[in-house]
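This note is intended for a colleague who is meeting the structure for the first time.

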Amino acid sequence: MAPPAGKRVKGVQIYRPFVYGTTARPFNDTDNPRPAGVPLDHTHSWQVFVKGIEDTDIFYWLRRVQFKLHESIPNHLRTIDAETIMKENEGKGKKQRAFVVNETGWGEFEITIKLYYDSKSGEKPQTLYHHLRLHPYGRTEAEKEAMRNGGEVIAWTYEEQLFNEPFEEFYKILTSGARDKGTPASGAGGKGGKGKGKNVSQQTSDVDGKNNEVKERSAMIPLTTKPGQPFSREAEAVELKRLKEAEEKVHQMVREMNKTVKAKEAELAALKSSAA
Amino acid sequence: MASHDVRDVLNLPAEGAGFRPAKKQKTAVPRPNLKGLAREVQNLGGDNPIAIVPEISTFKKRRFGSRKPAARWEMRPFHNSARADGSLHLRHWRRRTEGQSGAQSQDGQDAGEDKKETEQKSEELDDSGFAKFNVQVDVPQYSEDQYNSNLTNNDWTKDETDYLFDLARTFDLRWPLIWDRYEYSPKLPGGAGNGEGADTTDPNTAVIPASKVRSMEDLKCRYYEVAAKMMAVQKPVQYMTQAEYALHGIMANFNPNSETQRKKFAQNALNRSKEEAREEESLLIEVRRIVARQERLNQERRELYNRLDYPHTEQDINAFKSSAGLQTLLQNLMSVDKSKKRKPIMEANGNSTPTSAQPPSAHPGSTPTAENSHNRRESIAASTSGSAHRDSIGGGERPERPTKKGAQPPERKKLTEQEEQIYGVSHHDRLSSGPTFRYERINKILTTKSHAQHQRITNTLAELDIPSRLNMPTRSVVEEMEKLLTAIGLLLDMRKMNDKIDAEIRTEQAKKAEREKALAASQAEGGAKAEGESSSQAQGKSGDKGQVNGNKPATNGEPADKAANAKTNGEEPATNGTTDGESDETPDAMNDDEAEQVKEEAGDDRASRPGSSGGQKRSASVLSSVSDKSAKRQKK
């Protein structure tokens, strides 16, 4: 891919949060019956996806995703283009905003996810690895049990895509067009109208006191955790707290260790001197 | 003498008319009569009328002009909602409104007071007009938990912060007042009442913490710090409106040092005398002149350098260093020349663009491909001529690169800080360009370690109940994780050191035990022997030696049953001759048995060294020679 005209914007890093992972459900007679034509040894239906946080649009920076499934699965290289999704979306009420592959199977394996960026970015594709989970997992039995009861095995991963020193054009794409969710894409009202509209909507939402929505085309992370959206500032704060506590603990341990080492060193020195 | 005689003498015309000043004529113009001024006063002005313009006050007689009934006023009770107690009711005069007056003037007078009272109660007491000036300052609140997670500060305890916020609320953020009343005395943890009790219970509390003297800037700094943090806690920066964001920025960036400095400057500026001010002014003018001159000089110098410097190129000019390269360059320039001739409009407005004067290295990047095709050449020619054209506009100085760089930033609009937050833009000093993932950083830390190290780190993380994959690797989380990992690295290092020292201690202890055992045995031996004196001397010697050689404790004397074994080991000391000296030193009078024993001991000492274990493998011939020697010595 030829690099686009223009230079890289030096010293600038832009990030975009997104989520990837798998969701698996075992077949059963009540709510997830085995579809016709699925081999008998398949026990689960699952899907692997790459999507924006809170289902925001990511097509403007992510052009294509290639999922490399296990080789035993027919047609194991699945390539999904943003363009085709958008084409399919036309005329539909509910728009799909994620790169998804639905499959059935019986075994867990590692899925290779290759991300192709917008052609204007001029960046090479990057690879992520994700382990497909079909069976409940977790560090403790309780976690496993919770997953078992949920009926779904969720293995979602939050990740932030960092664009280091993007090209000028891509930089412009990444740093413009933020708008509130639900508002139509810009371009209809022209530039001035867009800016105005943005301000107005911002103000009105302030009045309502609920501008906690993530803006489209921004790097924002939702404030609170909602069902089905486990990644938020709240979760971040929890994690930060946990890490801080752990760090404090480690520091404590280091201090204790330091003390014992010092004591032991003294003991050793005494032993040596007595030997001399 | 009459006057006409004098006139005669002087030969002057007698009684000349007009000579005598005519009698002053009365000014016919009648003076404007000013009312209210005495004639004498007016006459004081003489011909010019005095310049007192009397104010003619025209009071209009509007008495009974409008025959409206007089406005009715009434005493009405009111309360002040700004007061906290709310029970104080005062009365003030209020004009009665029309609707009320109609009804009330009759009712109020006719009916009893109580009725009026109730009516007024029902219509809600008036609020004082001044209540609205009682503005409550919105002082941020924080909970215990929030304080611990966000607001802890080494310099400020929670108590003191609470105290500060209390004062801020009380004095409505009037900083001079807050500062004036600020008298925080830290609470003594162990009951301030009985000092002795505290003394005995806890040595820490024995020292009464001196209350710190806080400047106004300190107070402000703490307040703004907490306020900004609480603001961010309640509403992340990305979600703030413009005004909120600006406020947050101001509070977060409060710098007490610059503030104190500013005040100091202001103080100084106010305190200086007139002379000082004048001097300062003249100095400033002087400085300005110097700076201006310096600038001009610099610019001139820069211009000169520009003239001297050859034009820089960002492209590789190696292609033109060979003669063939020069040839292509020449061809290229010729084609440029031609194309220019063909398109004279291109430089119609450029006054002079002689292509021959065009610096050859200005556009070298386009030349290597020039011979590929005619079309291509055309386009290149156009582009080069285009840029040449731009050059000519640039004028005599050709700041080729500066203009290029200067042209770029306007293309990219500057983002406000808030927009940067929204779009997730951050600035770094060093970046390797290209897309990456946030979590990669942690991954890299883990994977660059050796497998064993990695394993140990994951074990420690599991011990701390931290999942090895971060749930939300945002920037702050990743930074925190890095900190945690370095701390863990430190811990692991400490553990390693601990293990090492443990091992060393163990060996030392083992050695010590062995030594003690040996000591006990030798003492028993020494007690049995009558000639303990000389043997102990020898023991001391061998002990010294042992220490010098292997830093080993002197393990003297093995039990007698090991004597044979010890003798075979004893060859090493014997061969390197150390025992020679010893045996020389031993008194001649010493009998054979004793000498034998000394040798044994010395040999044992060596043998106990791990390094000398090879001595046992010595051949029998050596052994025999040694024994010969020892026999000789014994004969001595």
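1. In this predicted model, the largest pocket lies between domain 1 (13-206) and domain 2 (232-276) of chain A, because both domains give residues to its lining. The second largest pocket is placed likewise: domain 1 (13-206) and domain 2 (232-276) of chain A both contribute to its lining, so this pocket too lies between them.

2. Which elements supply at least two residues each to the lining of the largest pocket? From chain A they are strand S1 (12-26) and helix H5 (233-275). From chain B they are helices H5 (144-151), H10 (216-234), H11 (242-252), H17 (417-423) and H20 (475-528), together with strand S4 (425-427). Helix H5 of chain A provides the largest share, 12 residues.

3. The second largest pocket holds about 1,500 Å³ of space. It is lined by 44 residues, with A:Tyr137, A:Trp156, A:Thr157, B:Arg469 and B:Leu470 nearest its centre. Two or more lining residues come from each of strand S7 (126-131), helix H2 (141-150), strand S8 (153-164) and helix H5 in chain A, and from each of helices H18 (440-447) and H19 (451-463) in chain B. Strand S8 of chain A gives the largest share, 6 residues. The lining of this pocket divides into 22 nonpolar, 12 polar and 10 charged residues.

4. Chain A contains 5 helices and 8 strands. Read from the N terminus, its elements follow the order β-β-β-β-α-β-β-β-α-β-α-α-α. Of its 276 residues, 44% are buried. Among the contacts in chain A between residues at least 6 apart in sequence, 67% join residues at least 24 apart.

5. Chain B has 26 helices and 5 strands. Buried residues account for 28% of its 636 residues. Of the contacts in chain B with a separation of 6 or more, 65% are between residues 24 or more positions apart.

6. B:Met472 sits in the loop between H19 and H20 of chain B. Is B:Met472 buried or exposed? Its relative accessible area is 0%, and therefore B:Met472 counts as buried, the cut-off being under 20%. Leaving aside residues up to four places away in sequence, B:Met472 touches A:Tyr158, A:Ile221, A:Phe231, A:Ser232, A:Ala235, A:Glu236, A:Glu239 and B:Val477. B:Tyr439 is 33 residues from B:Met472 in sequence, with a C-alpha to C-alpha distance of 9.0 Å.

7. B:Thr161 belongs to helix H6 (residues 158-170) of chain B. With a relative accessible area of 0%, B:Thr161 is buried. Not counting residues up to four places away in sequence, B:Thr161 touches B:Tyr142, B:Tyr147, B:Trp156, B:Arg222 and B:Val226. With B:Tyr147 there is a polar contact between the two side chains, at 3.4 Å.

Note on methods: Residues are numbered from 1 along each chain as its sequence is written. Chains are lettered from A and ligands numbered from 1 in the order in which they are written. This is a predicted model: local features need pLDDT of at least 70, side-chain atom pairs count only at pLDDT 80 or more; totals for chains, interfaces and linings use all residues. Side-chain values use heavy atoms; hydrogens and water are left out. Helices (H or I, at least four residues) and strands (E, at least two) are DSSP runs, numbered from the N terminus. Buried means under 20% relative accessible area, exposed over 50%, partly exposed in between (1.4 Å probe, protein chains only). A polar contact is a pair of N or O atoms within 3.5 Å; within protein, one must be able to donate a hydrogen and the other to accept it, and residues adjacent in sequence count only if both atoms are side-chain atoms. Contact means heavy atoms within 4.5 Å. Domain bounds come from an automatic or database domain assignment. On a 1 Å grid over the protein atoms alone, a cavity is a set of points where a 1.4 Å probe fits but cannot get out, and a pocket is an open set with protein on both sides within 12 Å along at least five of seven lines; lining residues have an atom within 4 Å of a point. Grid points are joined across faces, edges and corners, and a volume is the space filled by probe spheres set on the points. Ala, Val, Leu, Ile, Met, Phe, Trp, Tyr, Cys and Pro count as nonpolar, Asp, Glu, Lys and Arg as charged, and the others, Gly among them, as polar.
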